[in-house]
Amino acid sequence: MKLLGTNTSPYVRKVRLVLLEKNIPHTYLIDAPGDPGSQVARVNPLGRIPALILDDETCIFDSTVIAEYVDTLNDTPKLIPRHDVLARMRVKRWEALADGMMDSAVVVRNERMRAAEKQEADIIAQHSTAISRALAHAAAQLGKREWCEGTAITLADLALASALVYLDLRLPELGWRALHGDLNNWFARMKERPGMRTSLEA
Ligand SMILES: N[C@@H](CCC(=O)N[C@@H](CS)C(=O)NCC(=O)O)C(=O)O
């Protein structure tokens, strides 16, 4: 299978972390949708990354669908609980929280890329507030625990870590570490994982 994406996209990172944690053989191809020669729009009508192309050319998007599909390929580890419906809901809810942080961070970043006179202060404020609330919620839920859900790594941890990498990359001025020390300790541990290291190197 082939994963199309870029190293800066938080949604791509989440999917890469799932593939790497589960040791699923794949080829990672850098493909930015806006670049000439990009094959993204041909395989994903939305023209977005990540896009996962299976060996029979089936294309899977978006990152939530890819993560769920890839998790079924083996049980080492199971990143989304299969039978405990409440635990499954909580993991998917963590993913939604992390994806929502990514969504808002992308909006803020895109707004800030516009000429100063065209930037919408209200939009920046609205999404910055959402990110701050989501960070506080994540920090409160996580507390001093090792994992977001249960007693082992799940998709929840990979999604949250991907969101935090993106915040550090695009909105470093947020300074979230000063408010959320335990979350920072957790993130530092996550960054030591081999899959995370690989995703941060490339
Ligand atoms: N909900 C989608 C979001 C994907 C998304 O918005 N990806 C961005 C990159 S971060 C994208 O491909 N934007 C189009 C572009 O870069 O031209 C997912 O989870 O996969």
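Trainee: Let's begin with leucine 46: where is its place?
Mentor: In this predicted model, leucine 46 sits in the loop that runs between α2 (40-43) and β3 (51-53).

Trainee: And is leucine 46 buried or exposed?
Mentor: Leucine 46 is exposed, because its relative accessible area comes to 52% and the cut-off for exposed is over 50%.

Trainee: Switching topic, what does the domain assignment give for the protein chain?
Mentor: The assignment gives domain 1, covering 2-71, and domain 2, covering 85-193. The centres of domain 1 and domain 2, taken over C-alpha atoms, are 21 Å apart, and the contact draws twelve residues from domain 1 and 17 residues from domain 2.

Trainee: How much area do domain 1 and domain 2 bury between them?
Mentor: Domain 1 and domain 2 bury about 1200 Å² between them, and 60% of that area is on carbon and sulfur atoms. As background, the accessible area lost when parts come together is often used to give the size of an interface.

Trainee: How many salt bridges are there between domain 1 and domain 2?
Mentor: The count between domain 1 and domain 2 is five. Elsewhere in the listing of side-chain pairs, glutamate 68 and arginine 88 meet in a salt bridge, with 2.3 Å from N to O.

Trainee: How many residue pairs are in polar contact across the interface of domain 1 and domain 2?
Mentor: Seven residue pairs are found in polar contact across the interface of domain 1 and domain 2, with both residues at pLDDT 80 or more.

Trainee: Which helices supply the side of domain 1 that touches domain 2?
Mentor: On that side of domain 1, α1 (10-21) and α3 (63-71) supply at least two residues each, and the largest share, seven residues, comes from α1. Sorted by class, the side of domain 1 that touches domain 2 has five nonpolar, three polar and four charged residues.

Trainee: Where does lysine 14 lie, then?
Mentor: Lysine 14 lies in helix α1.

Trainee: Why does lysine 14 count as buried?
Mentor: Lysine 14 counts as buried because its relative accessibility is 0%, while the cut-off for buried is under 20%.

Trainee: Which residues is lysine 14 in contact with?
Mentor: If we leave aside the neighbours within four places in sequence, lysine 14 is in contact with Ser63, Thr64, Glu95, Asp99, Leu155, Ala159 and Ser162.

Methods:
Residues are numbered from 1 along each chain as its sequence is written. This is a predicted model: local features need pLDDT of at least 70, side-chain atom pairs count only at pLDDT 80 or more; totals for chains, interfaces and linings use all residues. Side-chain values use heavy atoms; hydrogens and water are left out. Domain bounds come from an automatic or database domain assignment. Contact means heavy atoms within 4.5 Å. Buried area is the accessible area (1.4 Å probe) that two parts lose on being put together, summed over both. A salt bridge is a side-chain nitrogen of Lys or Arg within 4 Å of a carboxyl oxygen of Asp or Glu. A polar contact is a pair of N or O atoms within 3.5 Å; within protein, one must be able to donate a hydrogen and the other to accept it, and residues adjacent in sequence count only if both atoms are side-chain atoms. Helices (H or I, at least four residues) and strands (E, at least two) are DSSP runs, numbered from the N terminus. Ala, Val, Leu, Ile, Met, Phe, Trp, Tyr, Cys and Pro count as nonpolar, Asp, Glu, Lys and Arg as charged, and the others, Gly among them, as polar. Buried means under 20% relative accessible area, exposed over 50%, partly exposed in between (1.4 Å probe, protein chains only).
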